[in-house]
Amino acid sequence: MQADLSDDRIKGFAVFDLGGTQTFARESLAGIDEPMLIFGAPRDIQGLDLDIESRALVAALPMDQVTYLEPATLSHFDFLGVCTDKAEALLAEEEPDDVFVCQHGQAERAAEHAMIAAIVAASFR
């Protein structure tokens with residue numbers, strides 16, 4: 001666990017509404033010396049808490065390395081693929097508690113993907 005796993009080919013990181021931030025050692029995060037683009041997703045879905053996830057990650061990193069964005073329309077699952085026409089109905093039938101995964105998951109999600117891709121591309125030129 002103490003091994004240096006750095007890789008000179010990696011010049012930056014993009015992080016998309018990370019969960020599990022609290023599992024990283026603050027000392028380890030403080031040692032990151034490459035630029036980080038971090039997206040938080042404030043649209044509430046099933047209790048993901050930005051204060052203990054994305055915002056906590058940002059607070060633990062060297063500020064000169066971080067760009068943090070929190071577009072108001074994003075939810076955690078907007079970083080997944082675009083849902084099919086039948087996805088919401090299928091979830092409602094087979095996994096009713098998971099329907100939220102595909103709510104706003106088609107045209108709106110495709111537009112979010114375009115926005116995210118443009119920002120990532122511009123950030124790492």
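Which residues form one aromatic cluster? The cluster is made up of F16, F39 and F79. The model examined here is predicted, so local features need pLDDT of at least 70 and side-chain atom pairs count only at pLDDT 80 or more, while totals for chains, interfaces and linings use all residues. Residues are numbered from 1 along each chain as its sequence is written, and side-chain values use heavy atoms, with hydrogens and water left out.

Across the whole structure, a search finds four aromatic pairs (rings of Phe, Tyr and Trp, the last by its six-membered ring, with centres within 6.5 Å; planes under 30 degrees apart are stacked, over 60 edge-to-face and the rest tilted). F16 and F79 form a tilted pair, with 5.3 Å from centre to centre and 45 degrees between the planes. Because F16 lies in strand β1 (residues 13–16) and F79 in the loop between β3 (66–69) and α3 (87–94), this pair ties together parts that are 63 residues apart in sequence. Helices (H or I, at least four residues) and strands (E, at least two) are DSSP runs, numbered from the N terminus. F16 counts as partly exposed at 35% relative accessibility, and F79 is likewise partly exposed, at 22% (buried is under 20% relative accessible area, exposed over 50%, partly exposed in between, with a 1.4 Å probe and protein chains only).

The bond joins C83 to C102, with an S to S distance of 2.0 Å, and is left-handed at -85 degrees about the S-S bond. C83 sits in the loop between β3 and α3 and C102 in the loop between α3 and α4 (107–123), so parts 19 residues apart in sequence are tied together. Both cysteines, C83 and C102, are buried.

Burial also marks S54, which lies in helix α2 (residues 54–60) and counts as buried at 0% relative accessibility. The side chain of S54 makes a polar contact with the side chain of D17 at 3.5 Å (a pair of N or O atoms within 3.5 Å; within protein, one must be able to donate a hydrogen and the other to accept it, and residues adjacent in sequence count only if both atoms are side-chain atoms).

Definitions and conventions
A disulfide is a pair of cysteine sulfur atoms within 2.5 Å.
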